[in-house]
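I opened my notebook to look this structure up step by step.

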Amino acid sequence: MLDPADQITDLDILAFPETTMILLSAVIEPIRAANRIAGRTLYRWRLLSPDGRPVETTAGICIPVSGAFQPERDSKPLFVVASYNWQRSATPAIKMALSRTARHRDVIVGVESGAWLMAEASLLDDHKATVHWEDFDDFTARYPEIGTVKERYVIDRKRMTSAGAVPTLDLMLEIIRRGHGYSMALEVARSFIYERDGGGRDLLPSPPTAPGIIDRRMSEAVRLMEETVDQPLSLEKLARKSGLSARHLQSLFNQSFGVTPHVHYLALRLNAARRKVIETPASFAEIATATGFNSASAFSRSYRLQFRESPSETRKRLRSPG
């Protein structure tokens, strides 16, 4: 999709006046976090505005940009980011520029009101798309040629749309997952997405593509996984301790997270192992034991499959000077 494995993905972000800062952050912060966690550049981005001037956000803070948006023969993915009063920006020149650039771009993403600008340029015709819930009826009536759906985000071939700031975060996590695996997306999510459950317990991280854990039994299963990375529980024991059948737990994980309990559990263990590889002098045998692997060789195989390098390569790369 957006992320060729083991290559740098370049993105263009076209921000319009009166965009909210949280919306821009929802696009940029996940990929910045992915770069930090990977210890190398996975994503680079260029921030553009319609006229090359700094973008004044709704907070009154002007965001510097690299230049003016030009409909170049550029294949980089383009994020069209807009919030309030998008109509002022929907000039014939902008619609023409978006239409022209769409001939070459691999992917175009409409972030919140960016979907309106894409629709005005006929970039969503015969595609499924979503918009902010407040705009749903108006958008559907205005663009009957678009299959508007009430979803947090929609990916339909070379077009993506999101319905607001938090849904945009979900979309970015899905992009990261598709390009760099579930473990990376989970670690990005865990770095800054937290919600309290209704009982006022400790903060629980929400996994990628799941904005919150509604079922308390799922919350309990995730908590148990995090507490037992050194001695992983069997699916049956995990389910029993969570008050579920193994089959029901499997179903809930697939519905909520889009992966099996095993994939989520393994991602937690490998992410914990990677932090130990980078942050401690522990031997790989010690790290294997601390994260529930029965041997250093089994740990190394799983680690390489997930991170595309061995633990020793990670340690050497991230501890090398410069």
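**Entry 1: the model.** I noted at the start that this is a predicted model.

**Entry 2: the sheet.** I asked in what order the strands of the open sheet run. I read the order as S5-S2-S1-S6-S7-S11-S10, which makes 7 strands with mixed pairing. I then looked for the edge strands and found S5 (67–68) and S10 (153–156), each pairing on one side only. Next I checked S6 against S7. They run parallel and are joined by 5 bridges.

**Entry 3: the largest core.** I looked up the largest nonpolar core and counted 33 residues in it. Among those with the most contacts inside it are Ile13, Phe79, Val81 and Ile176. Which elements each supply at least two residues of this core? I listed strands S1 (9–15), S2 (43–49), S6 (78–82) and S7 (108–112), with helices H1 (21–38) and H5 (165–192). H5 gives the most, with 10 residues.

Leaving aside neighbours within four places in sequence, Val81 is in contact with residues including Ile13, Phe16, Leu23, Val27 and Val111. I also found a second, separate core of 28 residues, which includes Val80, Ala97, Ala102 and Phe136.

**Entry 4: helix H5.** I then checked how covered H5 is: 23 of its 28 residues are buried. H5 packs on the sheet, where it touches S2, S6, S7, S10 and S11 (159–162). The direction of H5 makes about 40 degrees with that of S10.

**Entry 5: two phi angles.** I kept in mind that most residues other than glycine have a negative phi. Ser122 is not a glycine, yet its phi is positive, about 65 degrees. I placed Ser122 in the loop between helix H3 (114–120) and strand S8 (128–129). Arg157 also has a positive phi, about 55 degrees, and is not a glycine. I found Arg157 in the loop between S10 and S11.

Are these residues exposed or partly exposed? Ser122 has a relative accessible area of 45%, so I wrote it down as partly exposed. Arg157 reaches 56%, so Arg157 counts as exposed.

Conventions:
Residues numbered from 1 in each chain as written. Predicted model: local features only at pLDDT ≥ 70, side-chain atom pairs only at ≥ 80, totals over all residues. Heavy atoms only, no water. Core = buried A, V, L, I, M, F, W, Y, C linked by side-chain atoms within 4.5 Å. Buried < 20%, exposed > 50% of the residue type's maximum accessible area, 1.4 Å probe, protein only. Helix = DSSP H or I, 4+ residues; strand = E, 2+ residues; numbered from the N terminus. Contact = heavy atoms within 4.5 Å. Pairing = 2+ DSSP bridges. Axes fitted to C-alpha atoms, helices over the stretch in contact; angles between N-to-C directions.
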